[in-house]
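Please keep the sequence and the 3D view at hand while reading.

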Amino acid sequence: MTSKSRWKFLAMLALVLVVVMVWYSISREDRYIELFYFPISEKKEPCFQGEAERQAAKIFGNHSREQPIFLQLKDYFWVKTPSAYELPFGTKGSEDLLLRVLAITSYSVPESIQSLQCRRCVVVGNGHRLRNSSLGSIINKYDVVIRLNNAPVAGYEGDVGSKTTIRLFYPESAHFDPKIENNPDTLLVLVAFKAMDFHWIETILSDKKRVRKGFWKQPPLIWDVNPKQIRILNPFFMEIAADKLLNLPIQQPRKIKQKPTTGLLAITLALHLCDLVHIAGFGYPDAYNKKQTIHYYEQITLKSMAGSGHNVSQEAIAIKRMLEMGAVKNLTYF
Ligand SMILES: CC(=O)N[C@H]1[C@H]([C@H](O)[C@H](O)CO)O[C@](OP(=O)(O)OC[C@H]2O[C@@H](n3ccc(N)nc3=O)[C@H](O)[C@@H]2O)(C(=O)O)C[C@@H]1O
Ligand SMILES: CC(=O)N[C@@H]1[C@@H](O)[C@H](O[C@@H]2O[C@H](CO)[C@H](O)[C@H](O)[C@H]2O)[C@@H](CO)O[C@H]1O
């Protein structure tokens with residue numbers, strides 16, 4: 001081999017090596033991103049007051065910060081706030097039932113959150129990516145830990161932590177034993193999708209005759225909670241999550257009911273309540289991945305979500321956009 005062709009051969013070899021390295025790093029993209037997004041575990045992330053508000057204004061508009069997080073009796077009893085939309089995007093048509101619920105529940109944001117100079121929040125999605133993540137102690141360090149539905153903590157503390165400041169739920173997603181999966185001061189925030197959801201919470205809290213019909217899955221008939229822990233989420237957040245993040249029509253024909261997932265709703269809420277918003281446990285498998293289990297706590301697949309009215313690929317785009325603009329940061333990979 002002449003020295004010229006030897007150099008050519010070496011250059012080719014180097015090129016092949018580079019191509020292989022690039023391919024390897026792309027094929028292991030999840031790991032790369034995981035490292036990229038992982039926080040420094042020992043230090044608390046610096047928190048800048050008003051940062052999430054600035055980011056939220058870019059996505060949802062400035063005015064959205066004026067909205068109360070929880071519905072208040074005075075807005076329905078004295079003022080009679082009109083709502084343009086029906087549940088789950090507004091309260092139109094459900095005012096009477098709502099009024100009865102607001103009369104027996106509170107709306108305040110607890111002093112422990114109000115008094116914070118800077119609110120560090122983490123929204124814990126129910127995704128399988130939390131399994132074996134060892135993120136528990138990191139999650140517990142946030143001022144506000146938001147959880148969803150009946151996602152358990154008991155037995156999963158190492159991966160998901162044990163602190164729950166806020167839990168969003170609806171009757172069909174309420175854990176049958178709320179005491180074991182929450183802390184005594186956890187705010188249990190009802191996300192109402194239909195008038196019956198208000199009726200359910202009223203019958204539970206006032207110990208009235210339970211109604212079994214009108215739910216797509218039997219909710220608890222006995223639910224051991226302190227009424228002081230209950231809040232009603234302002235449906236405004238559902239409206240803007242649908243409109244600004246997913247571009248969904250807010251007034252839909254009765255049969256097609258497309259809506260954001262509770263997790264996307266929780267991120268929307270966090271961007272309004274907090275100064276710093278991190279997320280963990282978000283992200284679904286690809287549609288062709290029919291065997292991959294979706295939760296960190298049970299063996300079910302994407303098939304279980306057929307007929308749910310969610311567009312998970314559209315939601316992934318919305319979450320990626322928020323990650324890219326720095327509105328939220330991810331503790332797991334995405
Ligand atoms: C059968 C069914 O209706 N499943 C729905 C379940 C179910 O009702 C509850 O778990 C209660 O059993 O609830 C949902 O969601 P689910 O309770 O599964 O998860 C809560 C939120 O975590 C995010 N998530 C979850 C799994 C995953 N692999 N990636 C994720 O990003 C999502 O943002 C999700 O919202 C819901 O309320 O949104 C959406 C699901 O469609
Ligand atoms: C009209 C009606 O009740 N539709 C039900 C959907 O609301 C429900 O979706 C579920 O509705 C919930 C609200 O009640 C949440 O949005 C949840 O994310 C979503 O999956 C599916 C579940 O399989 O069953 C249909 O019959």
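From strand β4 (residues 187–190), Leu187 and Val189 point one way while Leu188 and Leu190 point the other way, and all of them are buried. Buried here means under 20% relative accessible area, exposed means over 50%, and partly exposed lies in between, with a 1.4 Å probe and protein chains only. Helices (H or I, at least four residues) and strands (E, at least two) are DSSP runs, numbered from the N terminus. The model is a predicted one, in which local features need pLDDT of at least 70 and side-chain atom pairs count only at pLDDT 80 or more, whereas totals for chains, interfaces and linings use all residues; side-chain values use heavy atoms, with hydrogens and water left out. Residues are numbered from 1 along each chain as its sequence is written, while chains are lettered from A and ligands numbered from 1 in the order in which they are written.

**The sheet**

Two strands are said to pair if DSSP finds at least two bridges between them. On one side, β4 pairs in the parallel sense with strand β3 (residues 166–169) over four bridges, and within this pairing Leu187 of β4 is the bridge partner of Ile166. β4 also pairs with strand β5 (residues 230–232), again in the parallel sense, over three bridges, with Ile232 of β5 as the bridge partner of Leu190. Elsewhere, strand β1 (residues 120–124) and β2 form a parallel pair over three bridges, in which Val145 of β2 is the bridge partner of Val122.

These strands belong to an open sheet of seven strands with parallel pairing, in the order β5-β4-β3-β2-β1-β6-β7. Because β5 and β7 (329–330) stand at the edges and have a single partner strand each, one side of each is left without a neighbour in the sheet.

**The chain as a whole**

The chain holds 13 helices and seven strands, and its C-alpha trace spans about 95 × 45 × 40 Å along its principal axes. Of its 334 residues, 47% are buried. Where contact means heavy atoms within 4.5 Å, 66% of the contacts between residues at least 6 apart in sequence join residues at least 24 apart. The chain exposes about 17,900 Å², of which carbon and sulfur atoms supply 57%; such accessible areas come from the Shrake-Rupley method with a 1.4 Å probe, and for residues only the protein chains shown count as cover.

Trp78 is found in the loop between α4 (74–77) and α5 (95–102), and it counts as exposed because its relative accessibility is 68%. The C-alpha atoms of Trp78 and Ile240 are separated by 26 Å, the two residues being 162 apart along the chain.

**The site of ligand 1**

A residue is near a molecule if one of its heavy atoms lies within 4 Å of it. Around ligand 1 there are 24 residues, of which Asn149, Tyr170, Thr262, Gly263 and His295 come nearest. Helix α12 (residues 262–273) gives the most to this shell, with three residues. The shell divides into eight nonpolar, 15 polar and one charged residue, where Ala, Val, Leu, Ile, Met, Phe, Trp, Tyr, Cys and Pro count as nonpolar, Asp, Glu, Lys and Arg as charged, and the others, Gly among them, as polar.

Asn149 lies in the loop between β2 (144–148) and α8 (157–160), and it counts as buried because its relative accessibility is 13%. Leaving aside neighbours within four places in sequence, Asn149 is in contact with Asn126, Arg167, Leu168, Phe169, Tyr170, Ser173 and Thr262.

**Polar contacts of both ligands**

A polar contact is a pair of N or O atoms within 3.5 Å; within protein, one must be able to donate a hydrogen and the other to accept it, and residues adjacent in sequence count only if both atoms are side-chain atoms.

| Residue | Ligand | Distance |
|---|---|---|
| Tyr170 | ligand 1 | 2.6 Å |
| Thr261 | ligand 1 | 2.9 Å |
| Thr262 | ligand 1 | 2.5 Å |
| Trp216 | ligand 2 | 2.8 Å |
| Ser308 | ligand 2 | 2.8 Å |
| His310 | ligand 2 | 2.6 Å |

Ligand 2, taken alone, exposes 540 Å², and the protein buries 63% of that. For ligand 1, the protein covers 90% of the 730 Å² of accessible area that the ligand has on its own.

**The site of ligand 2**

Ligand 2 is surrounded by Tyr170, Glu172, Phe193, Trp216, Lys259, Gly307, Ser308 and His310. The residues of this shell divide into three nonpolar, three polar and two charged.
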